[in-house]
Each structure stands twice: as C-alpha cells, then as structure tokens.
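Good morning, everyone. Please look at the model on the screen while I walk you through a few of its features.

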Amino acid sequence: MARRAAPANATPAFFTAPARRQIVDPNESALSRFIREQITAPEKLPGNISIVTGMSVFAAGIFVARTWGDMLVPA
C-alpha cells in the first residue's frame with residue numbers, strides 16, 4: 001500500500017504543552033495556583049463538570065440502593 005504524504009497545511013498530530021501562564025501573585029500558595037489553573041480554568045471546566053456529574057450520579061446510586069434497596073429484592 002502506498003504511503004500518502006500529509007497535506008501542506010498539516011500541523012503535528014501530537015499535543016504540545018500549553019504555554020505556562022504568568023503567575024498573577026508571586027506570594028500565591030500552591031493550592032491557590034492549583035485551583036486557579038486546574039479547577040476553575042475555562043479550558044478545563046467542561047471536563048471538570050463531567051467528572052462532578054459522574055461522581056454525583058454514582059453517589060446518588062449508592063444512596064438509592066442503601067435507602068430503598070430492600071424494595072429491589074423480591075420477597
């Protein structure tokens with residue numbers, strides 16, 4: 001099978017590391033920086049919401065099974 005060349009305007013197929021943001025406050029703690037860069041960052045918010053939604057559904061399922069689990073088993 002013949003190998004095809006990439007189009008002329010192709011970019012690399014791998015992800016490059018995002019440019020490091022400039023620190024807003026030099027006295028900012030590591031926890032504050034982590035929350036700002038990983039949890040509340042706009043580019044990571046959809047993934048974080050997806051994780052929280054999944055954890056909520058899981059916790060609700062455990063709560064329902066423990067609360068009304070006896071009704072799920074035939075007597």
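Predicted model: local features only at pLDDT ≥ 70, side-chain atom pairs only at ≥ 80, totals over all residues.

**A nonpolar patch, and what surrounds it**

Let's start on the surface. Four residues, Leu31, Phe34, Ile35 and Ile39, make up a nonpolar patch there.

Ile35 sits in helix α1, which covers residues 30–39. Is Ile35 buried, exposed or partly exposed? Its relative accessibility is 36%, so Ile35 counts as partly exposed.

Now step back to the whole chain. It has two helices and zero strands. The chain has 75 residues, and 7% of them are buried. Its accessible surface comes to about 7300 Å². Carbon and sulfur atoms account for 66% of that surface.

Next, charges. How many salt bridges does a search of the whole structure find? One. Which side chains meet in it? Those of Arg36 and Glu28, with 2.9 Å from N to O. Side chains of opposite charge can pair when their charged atoms come close. Here is a point to remember: Arg36 is buried, and Glu28 is buried too.

On to helix α2, residues 45–68. Asn48 is found in this helix. Asn48 has a relative accessible area of 22%, so it is partly exposed. What does Asn48 touch, leaving out residues up to four places away in sequence? Gln38 and Ile39.

The side chain of Asn48, however, reaches the backbone oxygen of Gln38 at 3.0 Å.

Last stop: the aromatic rings. The count comes to one aromatic pair. Phe63 and Trp68 form this pair, and its geometry is edge-to-face. The ring centres are 6.1 Å apart, with 85° between the planes. Why edge-to-face? Planes over 60 degrees apart count that way, so the label follows from the angle.

How open are these two residues? Phe63 has 51% relative accessibility, so it counts as exposed. Trp68 has a relative accessible area of 43%, so Trp68 is partly exposed.

Key. Residues numbered from 1 in each chain as written. Heavy atoms only, no water. Helix = DSSP H or I, 4+ residues; strand = E, 2+ residues; numbered from the N terminus. Buried < 20%, exposed > 50% of the residue type's maximum accessible area, 1.4 Å probe, protein only. Areas by Shrake-Rupley, 256 points an atom, 1.4 Å probe, with all protein chains shown as cover. Patch = residues over 30% accessible without salt bridge, like charges linked within 9 Å, V, L, I, M, F, W, Y side chains within 5 Å. Phe/Tyr/Trp six-rings, centres within 6.5 Å; stacked < 30°, edge-to-face > 60°. Contact = heavy atoms within 4.5 Å. Polar contact = N/O pair within 3.5 Å; in protein donor to acceptor, adjacent residues only side chain to side chain.
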